[in-house]
Amino acid sequence: MMIQSLQLWFRRRRYREGATISRFIARDVRRDVLVISTARIDQGLITGRVRTCNVLYVAHGVTGEPPFGPPTELQIDEMWRWTGQSWGGLPDGTSIADDLHKTQNHT
């Protein structure tokens, strides 16, 4: 019971409405979550808007920083999960740079 109380206290402190929480989910991929609602935080859920970007692509001007997505109910334990490679790219294992390289070679 004490552990659950501490976990809930830390969650309420970290996930405040209006706050943007950022975490690197791969070596070059950062995920930002803009917290919209914490009404169901006791159940491990928040409502937030997510933005995931490859910071190397943004820093080198390959892509711009994407906007936040629509409000979505997020499970706190799952929202930092990354299914891509350890060195980023896209979640399906492809790369934006590969797509740009193909496009440039065809013109």
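Student: As what does Asp-77 count, buried or exposed, and at what relative accessibility?

Tutor: Asp-77 counts as exposed, at 56% relative accessibility, where exposed means over 50% relative accessible area, buried under 20%, and partly exposed in between, computed with a 1.4 Å probe on protein chains only. This is a predicted model, in which local features need a pLDDT of at least 70 and side-chain atom pairs count only at pLDDT 80 or more, whereas totals for chains, interfaces and linings use all residues. Residues are numbered from 1 along each chain as its sequence is written, and side-chain values use heavy atoms, leaving out hydrogens and water.

The protein chain averages a pLDDT of 85, with 81% of the residues scoring at least 70; pLDDT is the predictor's confidence in each residue, from 0 to 100.

A salt bridge here is a side-chain nitrogen of Lys or Arg within 4 Å of a carboxyl oxygen of Asp or Glu, and the count by this rule is seven. In one of them, Asp-77 pairs with Arg-11, their closest N and O atoms lying 3.0 Å apart. That pair links distant parts of the chain, 66 residues apart, with Asp-77 in the loop between β4 and α3 and Arg-11 in helix α1 (residues 2-14); helices (H or I, at least four residues) and strands (E, at least two) are DSSP runs numbered from the N terminus. Whereas Asp-77 is exposed, Arg-11 is buried, with a relative accessible area of 14%.

A second bridge joins the side chains of Asp-32 and Arg-51, at 3.0 Å from N to O. This pair, too, links distant parts of the chain, Asp-32 belonging to strand β2 and Arg-51 to strand β3 (residues 45-54), 19 residues apart. Asp-32 counts as buried at 2% relative accessibility, and Arg-51 counts as buried at 15%. Both residues belong to a network of salt bridges that also includes Arg-30 and Glu-65. The charged end of Arg-51 also sits over the ring of Phe-68, 4.1 Å from its centre, a contact that requires CZ of Arg or NZ of Lys within 6 Å of the ring centre and within 35 degrees of the ring normal.

A further bridge is formed by the side chains of Glu-78 and Arg-81, at 2.8 Å from N to O. Glu-78 is partly exposed, with a relative accessible area of 37%, while Arg-81 counts as exposed at 51% relative accessibility.
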